[in-house]
Amino acid sequence: MAVAISLSERGRGRTAPNPNVGCIIVRDGRVAGRGWTQPGGRPHAEAMALQQAGEQAGGATAYVTLEPCFHDSPRGPTCSRLLIEAGVKRVVIAARDSDGRTNGKGEAALQYAGLEVVTGVLADRARAAMAGFFTRQVLGRPHVTLKLATSLDGQIARADGESRWITGPAARAHTHLERARHDAILVGRGTVDADKSRLDVRLPGLETRSPRPIMLGSGRPPKGWTAIVAPDDISALPDTDFLMVEGGARTASTFLAADLVDRLLLYRAPILIGAGKAALGDIGLESLSAAHGRWRLADTRMLGPDRMELYERVDAS
């Protein structure tokens, strides 16, 4: 299942509105097929893995990160039916599909056909890999990552606005890798005007993975961009399950104040700026005690001289 989850990450940022699922077909202790949801949502992971496995799928075990779909679609047959017709004998599922058209029905269909079904294997890891899909299903909006690059004293620019570059090449390359894992990327109108932002992916081999650019603010956006007026408007962005916010202090503060950030991606450079432009403004914090317990450290690593820290939102429930 861990391998299937890893495969699911290959589709992240390219499969919306479908989830980025991973699938492994194993027979007699050997991998017969591998699959992950393809760009645009089709083929599904199961269909890709079954096609690769061919006749070896008969009597095999399928490891799937999400409950196989049950509802019919004009774009292709249901994955639960494909698994049954291929002669798969056992299906191991990580997470149940929260879509009401499939939720529990895919699992029931497999069991009714006589397949052995095991559920809940590495469910939390699978849900994390498909966080955009689940956030959209539960909250009706994309999963939001806020990226900030700061000095040790929390500044994102000098007082005169100079900000290139606070972090080094390795940290900037990591940012581009993160961009490639998102459907869309958003900055504020001020950043658009000041920086003439490209917001693309400039890593060799990943240039086609550039997210769609979004501008927050009034006025006409650059050609090829989408404009929204308020942070809540992200709910209406089409085919967007993973959204990266890279705007300046005002945009970052606005998203935090609206409680729309699920993931904080911080890059800290070993420099001091002093009097400059702070990374954040007012985020609506009512007391210092309210600031605690909201974020947990999920990852940290050194990128050259810079430190990357990844924080995930703590579920209030």
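Student: Which element of the protein chain has the lowest mean pLDDT?

Tutor: Good place to begin, as this is a predicted model. The mean pLDDT of the protein chain is 92, and 98% of its residues reach 70 or more. Among the elements, strand β1 (residues 22-27) has the highest mean, 98, while the lowest, 81, belongs to helix α8 (residues 189-195).

Student: Is E178 buried or exposed?
Tutor: Let's start with its partner: E178 forms a salt bridge with R263, with the closest N and O atoms 3.0 Å apart. That pair ties together distant parts of the chain, 85 residues apart, with E178 in helix α7 (residues 169-179) and R263 in strand β12 (residues 263-268). R263 has a relative accessible area of 7% and is buried. For E178 the relative accessible area is also 7%, under the 20% cut-off, so E178 is buried.

Student: How does D160 compare: buried or exposed?
Tutor: D160 meets R158 in a salt bridge of 2.9 Å, N to O. R158, at 41%, is partly exposed. The relative accessible area of D160 is 54%, over the 50% cut-off, so D160 is exposed.

Student: Which side chain does a polar contact of 2.8 Å join to that of E246?
Tutor: E246 sits in the loop between β11 (242-245) and α9 (249-257), and at 13% relative accessibility it counts as buried. Leaving aside neighbours within four places in sequence, its contacts include K147, T175 and I185. The side chain joined to E246 by the 2.8 Å polar contact is that of R179.

Note on methods: Residues are numbered from 1 along each chain as its sequence is written. This is a predicted model: local features need pLDDT of at least 70, side-chain atom pairs count only at pLDDT 80 or more; totals for chains, interfaces and linings use all residues. Side-chain values use heavy atoms; hydrogens and water are left out. Helices (H or I, at least four residues) and strands (E, at least two) are DSSP runs, numbered from the N terminus. Buried means under 20% relative accessible area, exposed over 50%, partly exposed in between (1.4 Å probe, protein chains only). A polar contact is a pair of N or O atoms within 3.5 Å; within protein, one must be able to donate a hydrogen and the other to accept it, and residues adjacent in sequence count only if both atoms are side-chain atoms. Contact means heavy atoms within 4.5 Å. pLDDT is the predictor's confidence in each residue, from 0 to 100. A salt bridge is a side-chain nitrogen of Lys or Arg within 4 Å of a carboxyl oxygen of Asp or Glu.
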